[in-house]
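Here is a walk through a two-chain model, meant to be read with the viewer open. Have a look at the structure first, then follow along.

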Number of protein chains: 2
Amino acid sequence: MLTEKEKLSRCHQAISPYIHRTPVMTSRLIDEEVGASVFFKCENFQRTGAYKMRGAVNAILNLTEEQKQKGVVTHSSGNFAQALSLAAQSLNVPAYIVMPSNAPGVKKEAAKNYGGFIVQCEPTLKAREINARRIQNEKGATFIHPSNNDQVILGQGTAAMELFEDYPDLQALFVPIGGGGLAAGTCLATKHFGRGCEVVGAEPEEADDAYRSLLSGKIEENVTTHTIADGLRTQLGDLNFPIIRKHIHQIATVSEKEIISAMRLIWERMKLVVEPSSAVALAALLKERDSYKDQQVGLIISGGNVDLGNLPFTTTDGPTAK
Amino acid sequence: MLTEKEKLSRCHQAISPYIHRTPVMTSRLIDEEVGASVFFKCENFQRTGAYKMRGAVNAILNLTEEQKQKGVVTHSSGNFAQALSLAAQSLNVPAYIVMPSNAPGVKKEAAKNYGGFIVQCEPTLKAREINARRIQNEKGATFIHPSNNDQVILGQGTAAMELFEDYPDLQALFVPIGGGGLAAGTCLATKHFGRGCEVVGAEPEEADDAYRSLLSGKIEENVTTHTIADGLRTQLGDLNFPIIRKHIHQIATVSEKEIISAMRLIWERMKLVVEPSSAVALAALLKERDSYKDQQVGLIISGGNVDLGNLPFTTTDGPTAK
């Protein structure tokens, strides 16, 4: 039996040929704003533009040969659709992606370009699940959940592992929480590869299921998902919540205004295209900065897939919006 | 007497403590679109967000102690204003920046934050020149031209020098041409540090003074400057034109549509915030791609200072606009 730490190390070794080792970037100006040294792990430069590639590759690598031949299926209209498509293509495995018919054409096109078979369905969670199950039955394909899957969780943890290789003495690590895969993986990686580092989760006020779940001790549902951080609208899962609950130091929630402001700060000052979900982590750090004064703080930039034709910036909210 | 090559090497050594060594990035997808291996020298990550910092530092370092005490003056509403301000601040030299009264508040604020004294004037070239001369007389400050200055030209050449240190076998190097400082410096650096590499200049059709100057053999004036590439609206100078004329392989001009399309490609696929002037270089490479098939091609991303509240992207021109 492998220990959890060994599992993480093996996972990182196994997925390395299929992923980018993403750079860590810093900004003097943002350090000044925060009052700490901030190290941004840039998963926006990851293949398919988001960390999701890590977990997708690991999930497929852990299938049996027979399972690989029959393929994988997921339902997603976001980054996991692209990630599973490209991971499957890289490993010569068929991938079926169930997408709601109202998903942006851009996203369908992207998943298709990466080699996935797109299956369109009605835009309801029920229709998605029915279609995914149908493909499991018809094709014998294995369902891979975008975040509530042990192998996906391990894979997502490798971003933090790389960050600790580069900066072993981080005292806190900020990470956005959507479905909980990245947050749970980051918790495990931090436990085994950090040196007493705290993990801080970041959530929009408008999709604060994890924050409320942590308070109540059981999985709470999102009341609203009216947030610009589209990657964080998803619901926490029963595999990742116990890990998050056990290891996370705190979860900070931020307003839509704070998210857009932090996003603008990263775009303007760091010259990085990042998606709103990533800005949620910086917004949370800015909000909690008094607790991390002069510390070394890591932050995972989860991805950079945004619709450039539909950005939230206006001429009046910049450039030094706080 | 130092040779030109020695001057470049000394310049790079001298400015290094004050500038960032910027990373070189690549994109599999853009390589496919171009049909070549493209190496992007990311000066958008340079201090103040543009390569201008290099020349500004070098110009100040080459002043006498007396000149340094009295300070420097320039007129610019763009990247050089910020660069000279920060360079001067880093070297404890006063900097006076003449800016037209209609320059965006954002830009005035930025130059001021970097420590420059902002002097506002009427928005005409004549008013700018009169005000700069007045400050020269009153303060004894030395005028530093943003592009038509030998020390500025050497400084701007160091971006290409670093690129050749990393990728010595580049066969072509694409660079935008505005005032001509970057292009001339790149020509000199390529002559001395490249291995038979061609320099290709890139200009908007709407500000094609360098293209026409190369044809006629003498400096031609811009007929229009109606281009989104605000950094390239300036006029070629009498110090950099002879260098460009002697060494450049060709100048390619591109339409506004091609510029926006290339800019979107860099933002979407590379997740980099770049200004339109930088996209002009990629647009030119895309236009001329047949001549550079399977080659190793360098490209200087000149900067990343854009007004996020006023971007050219629409919902209909992406994501695979070519």
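What is the order of the six strands in the open sheet of chain A? The order is E1-E2-E10-E7-E8-E9, and the pairing is mixed. Before going further, a word on what you're looking at: this is a predicted model, where local features need pLDDT of at least 70, side-chain atom pairs count only at pLDDT 80 or more, and totals for chains, interfaces and linings use all residues. Residues are numbered from 1 along each chain as its sequence is written, while chains are lettered from A and ligands numbered from 1 in the order in which they are written.

**The sheet in chain A**

Two strands pair if DSSP finds at least two bridges between them. Strand E1 (24-25) and strand E9 (250-254) of chain A each have a single partner strand, so they stand at the edges with one side left without a neighbour in the sheet. E1(A) pairs with strand E2 (residues 37-42) of chain A over two bridges, in the antiparallel sense. Within that pairing, Val24(A) has Lys41(A) of E2(A) as its bridge partner.

Helix H10 (residues 209-216) of chain A touches strand E8 (198-204) and E9 of chain A, and its direction makes about 140° with that of E9(A). Helix H13 (residues 276-287) of chain A lies across strand E7 (172-176), E8, E9 and strand E10 (296-301) of chain A, and runs at about 140° to E7(A). For these angles, axes are lines fitted to C-alpha atoms (for helices, over the stretch in contact), and the values run from 0 to 180 degrees between N-to-C directions.

**Over to chain B: strand E10**

Is strand E10 (residues 296-301) of chain B mostly covered or mostly uncovered? Mostly covered: five of its six residues are buried. Buried here means 20 or more other C-beta atoms within 10 Å of a residue's own, exposed means 12 or fewer, and partly exposed is in between, with C-beta atoms placed from the backbone.

| Strand of chain B | Bridges to E10(B) | Direction |
|---|---|---|
| E2 (residues 37-42) | six bridges | parallel |
| E7 (residues 172-176) | three bridges | parallel |

Gly298(B) in E10(B) is a handy landmark. Phe39(B) stands opposite Gly298(B), and Leu173(B) has Gly298(B) as its bridge partner.

**A look at Asp31(B)**

Asp31(B) sits in helix H2 (residues 28-34) of chain B. With 14 other C-beta atoms within 10 Å, Asp31(B) is partly exposed. Apart from neighbours within four places in sequence, Asp31(B) is in contact with Thr26(B), Ala36(B), Ser37(B) and Val38(B); contact means that the two C-beta atoms, placed from the backbone, lie within 7 Å. Thr64(B) is 33 residues away along the chain, and its C-alpha atom is separated from that of Asp31(B) by 46 Å.

In chain A, the axes of H1(A) and helix H3 (residues 52-61) come within 10 Å and cross at roughly 100°. That makes H1(A) roughly perpendicular to H3(A), a label for angles of 65 to 115 degrees (under 35 is roughly parallel, over 145 roughly antiparallel, and the rest oblique). Cys11(A), Ala14(A) and Ile15(A) of H1(A) meet Arg54(A), Val57(A), Asn58(A) and Leu61(A) of H3(A). By class, this contact has five nonpolar, one polar and one charged residues. Nonpolar covers Ala, Val, Leu, Ile, Met, Phe, Trp, Tyr, Cys and Pro, charged covers Asp, Glu, Lys and Arg, and the others, Gly among them, count as polar.

**Domains and the chain contact**

Chain A is assigned domain 1 (4-50 + 149-310) and domain 2 (53-143), with bounds from an automatic or database domain assignment. Their C-alpha centres lie 24 Å apart. In the contact, 23 residues of domain 1 of chain A meet 18 residues of domain 2 of chain A. On the domain 1 side, the largest share, seven residues, comes from H8(A).

Between the chains, 21 residues from chain A and 21 residues from chain B take part in the contact. Helix H12 (residues 256-270) of chain A gives the largest share of the chain A side, three residues. That side has ten nonpolar, eight polar and three charged residues.

Conventions
Helix = DSSP H or I, 4+ residues; strand = E, 2+ residues; numbered from the N terminus.
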